Amino acid sequence: MRYIKDLNTLEDMVTSLFVHIERKDVEMPIWVDPIYKEEQLATKTIVVPVKDVRELFINFLINDQRLNYKSMPTEYLNAIFNHKSISAILCMRGWVNGFLACNVIEARGIEYYEIIMDLTDIGLDYVDAIIKVIFQYVNMLKLRGPLEWIHEETKLINALEFQYKDNEPPLNYVTMLTPQMIRYNLNDVLIAKHLIEEWKPDLITELLSYFKPDNMRVTVISKTFQGQTNAEDKYYGTPFAVSKIPMETINFWLEDDICEALIMPSKNKYVASNFALVPIEIHKEPEIPKIFYNSSILRCWLKIDTEFRLPKAYVSVDFFSPIVAVDPFNCNIMDIFMRLFNEDFSKHIYNASRAKLHLKLKSSIHGFNFVLYGFNQMINKLLKRIIERLLTFTIDSQRLEIIKEEKIRKLKNIETENPYRSATRYSSMILSETSWSPRELLKSIGGIGVDSVRDFMNNFWSHLYIESLMYGNLDRRMAVILINLLEKPFLNLKGFRPLLSRELIRSREVEMGDGENKLYERTTKFHSCSGVQVNLQCGIQNINNNVVVSLFNQIIEESCYNILRTQEQLGYVVTSIIRKSNGVLYFCIIVQSDYNPIFVHTRIEHYLSSVESLLNNLTDEEFLKHKESLATKLLEKPKGMFEQAIIYSSDIIDQCYIFKAVEFEVKILTSITKADIIEFYQQKINLSGPKRRMLSVYIRSTLNPKPDECSTLSSSDINLFITSKIQKIDDINEFKKSHRLYPAPGKLIARYKKVNVLIFEWFHTNCIVTTVCLYFEDYAPLSKVEHLLMTRLARI
């Protein structure tokens with residue numbers, strides 16, 4: 001429950017709902033008998049999935065670990081099993097792509113240790129050999145015995161994480177703590193699952209004793225098992241087969257040998273030891289990120305944290321090059337290279353992440369980006385390793401073919417996503433200037449080899465632009481060090497040249513025409529339900545438009561759900577959202593339903609036609625409450641440092657750079673009237689609106705057994721639908737070629753000396769005068785800005 005009340009009031013509200021329930025002192029059940037009997041252990045289950053995935057699950061039953069929360073022996077196992085020794089060997093042999101191990105609690109008294117692997121095509125034929133490596137590792141662990149230094153390192157890392165824990169939303173924290181109040185002693189509720197207080201090697205030895213074939217279940221998932229199953233799941237109809245593992249295989253696993261390539265973890269060099277906070281002068285530090293460094297290759301934004309004061313930092317780095325988006329072949333290479341690099345760099349990623357310095361790398365249509373977040377002491381060392389390895393990384397041909405095959409499967413699996421997600425993806429793809437469909441990516445992936453990846457990446461490194469955000473416990477001296485690590489290696493590359501200003505323009509949005517209504521339709525053979533997304537294009541993002549569209553959604557959100565979901569029961573997924581893409585605003589309604597998409601769309605249009613009455617009947621008091629509610633949402637401050645970093649980073653990635661946008665929006669919100677909302681509705685939302693621009697996307701199920709509901713539509717509904725004059729999109733490329741593009745998002749980053757240019761950009765996006773003045777208040781006296789603004793206006 002989330003509400004702006006004191007805790008006592010909230011407690012009274014909640015207890016009043018339960019006070020009349022009779023207290024029976026019922027003891028919580030606990031299952032002491034093993035979940036699996038002897039005949040269900042030492043078994044192998046093969047499963048045929050819907051998606052084209054290949055996974056191996058190995059489960060070992062263990063005793064209930066709830067009472068061992070002060071020593072946490074499973075944390076020790078997690079540290080040694082997830083160490084990259086096993087996965088490195090299995091990857092090198094070409095058998096697996098991913099590896100994860102952890103304990104799983106099913107219920108009180110029921111727990112098992114699970115090892116999950118993503119198998120390669122070759123790995124399917126070597127499942128027994130893979131499991132043999134697991135047992136060889138267990139043999140080594142038993143021989144070495146529990147090592148206290150690993151326990152101490154785990155204990156230290158957990159203690160540091162707890163001591164310098166970032167704030168989190170109160171609702172999430174309460175939800176997490178509540179069940180722990182019945183699991184642990186009251187004095188330990190806050191620290192259980194965080195702090196390790198006892199060293200009990202005997203519990204670790206006991207856990208390792210459960211790792212044996214007769215206490216194990218193996219599950220292998222792959223489409224290649226089609227035709228080899230003899231049973232179906234009762235609820236989902238998933239084909240599977242269960243068989244006992246042959247005795248000769250069990251004896252093979254039980255051999256007391258050890259693989260010499262397997263090694264124990266070494267001490268983690270990324271564990272922080274310096275937690276000093278950089279000195280700050282709160283009143284002199286900027287409230288928002290500022291450009292700290294700007295060159296032909298790198299722009300760096302810096303924001304020293306003055307609010308949360310933790311020994312942590314957040315560094316995001318975005319690598320952009322126009323050569324990536326030009327064709328799907330290059331997009332595929334970029335993604336495959338990042339997957340290969342992630343795998344190659346996994347040892348450093350694991351050690352840093354275990355020490356609470358996280359690294360996330362991800363490809364994009366314009367290049368790739370990575371984020372470093374955690375304790376700031378080692379952040380420069382990790383950044384240096386990343387850049388050095390990026391530029392010296394050599395590609396193994398076997399791993400390239402494996403990763404390429406994995407990407408092909410993932411592209412094909414996109415067809416199995418939920419229909420409403422497909423509708424959202426196609427909406428973005430149709431309206432974005434630069435985007436490639438899964439089919440286009442699949443068609444262009446075949447010719448990728450070691451030479452093509454190497455040549456492309458050499459071209460990429462010599463022709464790029466970098467934008468970075470540095471936020472947190474970083475002073476200017478450290479920022480300079482990080483900037484040097486980012487910039488110097490690329491400037492020293494032979495043949496490097498900076499991008500021209502025109503090459504920095506990113507993807508733009510397709511501009512639909514006034515009164516235009518388009519429909520794009522696809523089918524799905526994997527789901528019995530269909531998806532519909534109605535996109536109403538609302539113009540360029542600016543402070544005023546943002547506020548009007550947000551307030552409109554605030555007013556109709558509840559009634560949209562209530563009518564389409566609760567009353568008409570169109571489906572479980574019913575929502576109205578605001579979508580922002582390439583500087584353009586959309587109001588969208590999304591429905592996933594068993595009904596025919598035409599019927600669903602008609603009901604959406606019928607609902608939208610009723611919104612006019614809702615707006616007209618809105619009292620001044622109700623309208624004011626909606627404004628206050630929206631203002632409260634907008635002004636809600638980030639609860640933690642990471643949450644704040646995400647907000648800053650999003651503004652930079654979107655190239656908006658209006659870090660105080662929320663404050664501006666709230667000030668503009670006070671001047672928005674009901675008449676403004678009605679005008680917006682009549683112009684851009686209403687079916688007969690002169691400026692309405694609509695794209696609807698249908699994902700129609702071919703499995704739906706229901707008859708065509710369109711025959712049940714009333715004549716008024718049919719008239720509504722016919723008069724909308726919907727035109728079907730048969731070819732996405734032809735649709736894009738026949739439309740102009742919106743301007744690229746405006747960049748409000750220059751200072752007072754460039755105010756004339758900025759005024760032009762703001763007026764281009766229809767932003768109002770007061771907002772411009774508010775933005776420049778930090779840089780120049782408001783009177784000077786107003787004078788320049790009025791001078792410029794007189795010339796227009």
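Axes in this passage are lines fitted to C-alpha atoms, for helices over the stretch in contact, and angles run from 0 to 180 degrees between N-to-C directions. With that in hand, the axes of helix α11 (residues 379–392) and helix α16 (residues 476–491) come within 10 Å and cross at roughly 5°. This makes α11 roughly parallel to α16, where angles under 35 degrees count as roughly parallel, over 145 as roughly antiparallel, 65 to 115 as roughly perpendicular and the rest as oblique. Helices (H or I, at least four residues) and strands (E, at least two) are DSSP runs, numbered from the N terminus. The model is a predicted one, in which local features need pLDDT of at least 70 and side-chain atom pairs count only at pLDDT 80 or more, while totals for chains, interfaces and linings use all residues. Residues are numbered from 1 along each chain as its sequence is written, and side-chain values use heavy atoms, with hydrogens and water left out.

On the α11 side, Ile379, Asn380, Leu383, Lys384, Ile387 and Leu391 meet Met478, Ile481, Leu482, Leu485, Leu486, Pro489 and Phe490 of α16, contact meaning heavy atoms within 4.5 Å. The residues of this contact comprise 11 nonpolar, one polar and one charged. Here Ala, Val, Leu, Ile, Met, Phe, Trp, Tyr, Cys and Pro count as nonpolar, Asp, Glu, Lys and Arg as charged, and the others, Gly among them, as polar.

Two further helix pairs can be described in the same terms. Helix α3 (residues 84–92) packs with helix α4 (residues 127–144) at an angle of about 150°, their axes being 11 Å apart; α3 and α4 are therefore roughly antiparallel to each other. Their crossing is right-handed (a crossing is left-handed if the near helix is turned anticlockwise from the far one by less than a right angle, and right-handed if clockwise). Ser85, Ile86 and Leu90 of α3 make the contact with Ile130, Val133, Ile134 and Tyr137 of α4, a set of six nonpolar, one polar and no charged residues.

For helix α19 (residues 620–635) and helix α21 (residues 661–669), the packing angle is about 170° and the axes are 9 Å apart, which makes α19 roughly antiparallel to α21. Lys627, Leu630, Ala631, Leu634 and Leu635 of α19 meet Val662, Glu665, Val666 and Leu669 of α21. This contact divides into seven nonpolar, no polar and two charged residues.

At the level of domains, the protein is divided into domain 1 (38–254), domain 2 (282–498) and domain 3 (515–741), with bounds that come from an automatic or database domain assignment. The C-alpha centres of domain 1 and domain 3 lie 43 Å apart, and six residues of domain 1 are in contact with six residues of domain 3.

The UniProt record, an unreviewed entry, lists "domain: Peptidase M16 middle/third" at residues 162–443; its positions are given in the numbering used here, feature names are shortened, and annotations may be inferred rather than shown by experiment. Over residues 162–443 the chain is 38% helix and 18% strand, with end C-alpha atoms 49 Å apart.

Lys356 is found between α10 (346–354) and β11 (357–364). Leaving aside neighbours within four places in sequence, Lys356 is in contact with Ile157, Glu161, Tyr373, Gly374 and Phe375. The C-alpha atoms of Lys356 and Asn376, 20 residues apart along the chain, are separated by 9.9 Å.
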